[in-house]
Number of protein chains: 2
Amino acid sequence: MEEKVLIFGHKNPDTDSICSSLVHEILDKKNGWENTKAVRLGNINKETQYVLDYLGIEEPELIEKIEPGQGVLLVDHNEFNQSVDGIENAKILGVTDHHRIANFETSEPLYYNAKPYGCTSTILFEEFKQFGHEIERTEAILMASSIISDTLLLKSPTTTEHDKKALEELGKIANINIEEYGLEMLKAGTDLDDFSEEQLINLDAKSLNKDGIKFVIAQVNTVSIEEVLKRQEKLEEVINAKIESENLSLFVFAITDILNSNSEIIALGSKADVVEKAFDKTLVNNRAFLEGVVSRKKQLLPAIDKNI
Amino acid sequence: MEEKVLIFGHKNPDTDSICSSLVHEILDKKNGWENTKAVRLGNINKETQYVLDYLGIEEPELIEKIEPGQGVLLVDHNEFNQSVDGIENAKILGVTDHHRIANFETSEPLYYNAKPYGCTSTILFEEFKQFGHEIERTEAILMASSIISDTLLLKSPTTTEHDKKALEELGKIANINIEEYGLEMLKAGTDLDDFSEEQLINLDAKSLNKDGIKFVIAQVNTVSIEEVLKRQEKLEEVINAKIESENLSLFVFAITDILNSNSEIIALGSKADVVEKAFDKTLVNNRAFLEGVVSRKKQLLPAIDKNI
């Protein structure tokens, strides 16, 4: 059998990374490309598990590294430091993404479809339209779930008209009440009790690198910031250990209240003061409250990246 | 007046860089985006001049650098070292390209439409289709000229089925004989007599950088390799001067016979032996004949990049 071309999102996969991989494979099949296969680079989080359970579908296979020359298709990321081990020597055939482009290069031309939308699945939704393919219930719910997750039910400032239009149409196709389904899905993802502090800071952590300065922005969603802050002392302990072991200059841990659209951040590291400049706030007890901030990509990262 | 968003191809612009910029502006207007403007980063070559004269349209305005925060749209390139001075601090809103991605990064999400086709204009052709816009005679000839130039009338190995299909349809829309028009256009571009050796090596030169190793691959098209080789001694002189002044490890000058689809290369620099490994040839008098090699992107660059 010919070797499969692997489709995957970023490490610490979120709902968009998993669902867009699965949708990409479905779209490939509709385009007559039988040889692609969705996989994942890490554990399924509780929010995504809710989606898979709802649809009664299996999680994609876990992979930890890839061999040189392996054909791959990336979704929901492009930066090599967020991708699979061995990505530098892979054959990257295509990327579908909604993030900035950085720490990425290829030696050959490729397909690259990026749009500054709230979600990768919205780009895939438009590809279904372009190719004139019918959208069936499974992929409709997968794409709707991605959009709900990435835009926090269209409340994040990353939300575009494209995401709104896609989600509305997908809700109709799937014949579900988006608001009800979405709240249940998001709440499923905020159940943090089972996680150790070590796990919490890695649940959705992006590693970044600017001119050799390494930093991490991690995020958890919750319906009660207070609840998470009860664990601050232990959280700081594991964050500081990570700063030491990975030689980080900054670790920002954002606790995002998805009902009220605010975030409390914990910032540690030799460059913690960057956060003060970035948001014009003074850190008190290593913390700051950021009103209206919910998006890492649109709010946290640009402000921190500019000041680091 | 609101500041214009500038559209441009690479330095040392070829026909695809100029024509795709002009077509992009036309497409933007059809999409209701009035605020974009095609410009150029260098002199119009004789081939492109033939196209502009044929259509009776003005060359785009020359720009030499841009201010921080300037909104830009790139066509036919992405690597910063091939782009305008100041690109690092521009606001890159979109890229339409058919090259590998390298030496490129943004701090914000953007539109990026790359496909591994023979020509940028083929990607734009498909965008006209996707948006459902009519293609008029001017943009049909502009896009056809780009495809003819980049694929050497569909003979280059970079040619894809997409390019063939686009060129056929564009020929019909423009109501021209593609073969006749194309040969006239290509021949116009091979008139090298007026150029100094200094100009010849810069006509279509790509600067590359791999892990800090700087190298250049320059190319000229001709109907007589012999004619160009008469100037070898003087060519080597200016190439060596450029190697010294720009601290290059390798300069490859490819003289491509567009009628018979072969190239003779002159390779100079401390890493000239890379070329011997790349093509399994021995350099004699700093030269090697590469049968069937016409494409920098698909043939010269990957082989050299792998061995440098």
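## Where the two chains meet

In this predicted model, 25 residues of chain B are in contact with 25 residues of chain A, where contact means heavy atoms within 4.5 Å. The model is predicted, so local features need pLDDT of at least 70 and side-chain atom pairs count only at pLDDT 80 or more, while totals for chains, interfaces and linings use all residues; side-chain values use heavy atoms, with hydrogens and water left out. Residues are numbered from 1 along each chain as its sequence is written, and chains are lettered from A and ligands numbered from 1 in the order in which they are written.

The size of an interface is often given as the accessible area lost when the parts come together. Between chain B and chain A the buried area is about 2,100 Å², and carbon and sulfur atoms give 58% of this. Buried area is the accessible area (1.4 Å probe) that two parts lose on being put together, summed over both. Ile101(B), Pro109(B) and Tyr111(B) supply 27% of the area that chain B buries against chain A, more than any other three residues.

## What the interface is made of

There are zero salt bridges between chain B and chain A. A salt bridge is a side-chain nitrogen of Lys or Arg within 4 Å of a carboxyl oxygen of Asp or Glu. The rule for polar contacts finds five residue pairs across this interface, with both residues at pLDDT 80 or more. A polar contact is a pair of N or O atoms within 3.5 Å; within protein, one must be able to donate a hydrogen and the other to accept it, and residues adjacent in sequence count only if both atoms are side-chain atoms.

On the side of chain B that touches chain A, the elements giving two or more residues are strand 6 (111-114) and helix 11 (296-307) of chain B. Strand 6 of chain B gives the largest share, four residues. Helices (H or I, at least four residues) and strands (E, at least two) are DSSP runs, numbered from the N terminus. The residues on this side of chain B divide into 11 nonpolar, eight polar and six charged. Here Ala, Val, Leu, Ile, Met, Phe, Trp, Tyr, Cys and Pro count as nonpolar, Asp, Glu, Lys and Arg as charged, and the others, Gly among them, as polar.

## A sheet that crosses the interface

Strands of a sheet pair through backbone hydrogen bonds, either parallel or antiparallel. Two strands pair if DSSP finds at least two bridges between them. Strand 6 (residues 111-114) of chain A and strand 6 of chain B run antiparallel and are joined by three bridges. In this pairing, Ala114(A) stands opposite Tyr112(B).

Both strands belong to an open sheet of 12 strands with mixed pairing, in the order 3(A)-2(A)-1(A)-4(A)-5(A)-6(A)-6(B)-5(B)-4(B)-1(B)-2(B)-3(B). Its edge strands are strand 3 (61-62) of chain A and strand 3 (61-62) of chain B, each of which pairs on one side only. Strand 2 (residues 36-40) of chain A pairs with strand 3 of chain A in the parallel sense over two bridges, and Arg40(A) has Leu62(A) as its bridge partner.

## A hairpin in chain A

Strand 7 (residues 205-210) and strand 8 (residues 213-222) of chain A run antiparallel and are joined by six bridges. Asn209(A) stands opposite Lys214(A) in strand 8. The two strands form a hairpin with two residues between them, and Asp211(A) in the turn has a positive phi of about 50°.

## Salt bridges within the chains

Over all chains the count comes to 39 salt bridges. One of them joins Glu264(A) to Arg287(A), with the closest N and O atoms 3.1 Å apart. Glu264(A) lies in strand 10 (residues 262-268) and Arg287(A) in strand 11 (residues 287-290) of chain A, so the pair ties together parts that are 23 residues apart in sequence. Glu264(A) is buried, with a relative accessible area of 9%, and Arg287(A) is partly exposed at 23%. Buried means under 20% relative accessible area, exposed over 50%, and partly exposed in between (1.4 Å probe, protein chains only).

In chain B, Arg100(B) and Glu79(B) meet in a salt bridge (2.9 Å, N to O), and both residues are buried. Lys30(A), Glu136(A) and Glu139(A) are linked in a network of salt bridges.
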